Each structure stands twice: as structure tokens, then as C-alpha cells.
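Dear colleague,

Please find the structure below, handed over for your use. The findings follow directly after it.

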Amino acid sequence: GYTAHVFTSPVEALRAVRDQELTYDLAITDYSMPGMSGIELARALRALHPQREVAVTTGYISAELRQQAPGAGVSELIYKPNTGDELLAAIERLASRVQRGRTGD
């Protein structure tokens, strides 16, 4: 029941959000991407939409990343490789936060 918008470039994803070409309730991004890290993208998305959920997926969750993530507005770090079920579980957790935010709970 979800609609996904997929980008291969974080710069293009951010441009689409800034230009209001798409709307989103939550974002999941990779940590290592060309041109912009997942932390940088999360920070930029949260600057535009402070109440929206952002998760970062990565193959290595370092102590430094754990420290940087909250300050960048990252809601959740998702370890990869992950299965489709694990990713869906993370999406469900984030979506439930979005839903609670809409109902004021």
C-alpha cells in the first residue's frame, strides 16, 4: 500500500523535494552515495521537512555514525545487507511514527 519514489542520485532526490515535484512521508537513503552522503541528505531533508521520518541504511554502523545520525535528524539506522522482510519491518516502524504524528498521539 506504499508508493515509492526511487532515485539513483541523492542530489536529484533533494532537487525533486525542493522543487515540490514529489511529496513523501518518510525517506530511506543509503549512507554511501556519490555526491552526498546519506547523513547529508537526511540533514537537508529534515531542514525542509523537520517532522518527516528519515532512515539511513548502511553495511557498517560505526560509533561515529551512531553519534552523527541523531543530529542529522535520522530516525533509524538500518543495517544491510537486509532482507525484504527486514526492510519492510523498518518501513512499518517508520510509517507507524508518521501515522501517530498525524493523529496527534
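I begin with Thr-58, which counts as buried because its relative accessibility is 5%; buried denotes under 20% relative accessible area, exposed over 50%, and partly exposed the range in between, with a 1.4 Å probe and protein chains only. Thr-58 belongs to strand β2; helices (H or I, at least four residues) and strands (E, at least two) are DSSP runs, numbered from the N terminus. Its side chain reaches the backbone nitrogen of Tyr-60 at 3.3 Å. Not counting residues up to four places away in sequence, Thr-58 touches Asp-30, Tyr-31, Leu-65, Ile-78, Tyr-79 and Lys-80, where contact means heavy atoms within 4.5 Å.

On provenance, this is a predicted model, in which local features need pLDDT of at least 70 and side-chain atom pairs count only at pLDDT 80 or more, while totals for chains, interfaces and linings use all residues. Residues are numbered from 1 along each chain as its sequence is written, and side-chain values use heavy atoms, with hydrogens and water left out.

The sheet

Three strands make up an open sheet, ordered β1-β2-β3, with parallel pairing; two strands pair if DSSP finds at least two bridges between them. At the edges are β1 (26-30) and β3 (76-79), each of which pairs on one side only. From one strand to the next, the twist averages 25°; axes are lines fitted to C-alpha atoms, for helices over the stretch in contact, and angles run from 0 to 180 degrees between N-to-C directions.

Strand β1 is joined to β2 by five bridges, and the two run parallel. Within this pairing, Ala-27 has Val-54 in β2 as its bridge partner. Strand β2 (residues 53-58) is in turn joined to β3 by four bridges, again in parallel, and Thr-57 stands opposite Ile-78 in β3.

How many residues of β2 are buried? Six of its six are. Both faces are covered, with Glu-53, Ala-55 and Thr-57 buried on one side and Val-54, Val-56 and Thr-58 buried on the other.

Glu-53 deserves a separate note. This residue of strand β2 counts as buried because its relative accessibility is 13%. The side chain of Glu-53 makes a polar contact with the side chain of Ser-75 at 2.5 Å. A polar contact is a pair of N or O atoms within 3.5 Å; within protein, one must be able to donate a hydrogen and the other to accept it, and residues adjacent in sequence count only if both atoms are side-chain atoms. Leaving out residues up to four places away in sequence, Glu-53 touches Asp-25, Leu-26, Ala-27, Ser-75, Leu-94, Arg-97 and Val-98.

Helix α1 spans residues 10-18, and its buried residues are Pro-10, Ala-13, Leu-14, Ala-16 and Val-17. Seen down the axis of α1, they fall within an arc of 160°, so they line one face of the helix; the arc is that of the directions from the helix axis to the C-beta atoms. Helix α2 (38-48) is included in what covers them.

Ser-9 caps the N-terminal end of α1, with a side-chain oxygen 3.3 Å from the backbone nitrogen of Val-11. Arg-18, also in helix α1, counts as exposed because its relative accessibility is 53%. The C-alpha atoms of Arg-18 and Leu-41 are separated by 12 Å, the two residues being 23 apart along the chain.

Gln-20 lies in the loop between α1 and β1. Its phi is near 60°, a positive value in a residue other than glycine. Most residues other than glycine have a negative phi. Gln-20 counts as exposed because its relative accessibility is 68%.

The nonpolar core

The largest nonpolar core has 18 residues, and those with the most contacts inside it are Leu-14, Tyr-24, Ile-39, Leu-45 and Val-74. Such a core is a set of buried Ala, Val, Leu, Ile, Met, Phe, Trp, Tyr and Cys residues joined through side-chain atoms within 4.5 Å. At least two residues of this core come from each of α1, α2, β2 and α3 (63-71), and α2 gives the most, with five. Leaving aside neighbours within four places in sequence, Leu-45 is in contact with Leu-14, Val-17, Tyr-24, Ala-27 and Val-54.

With kind regards
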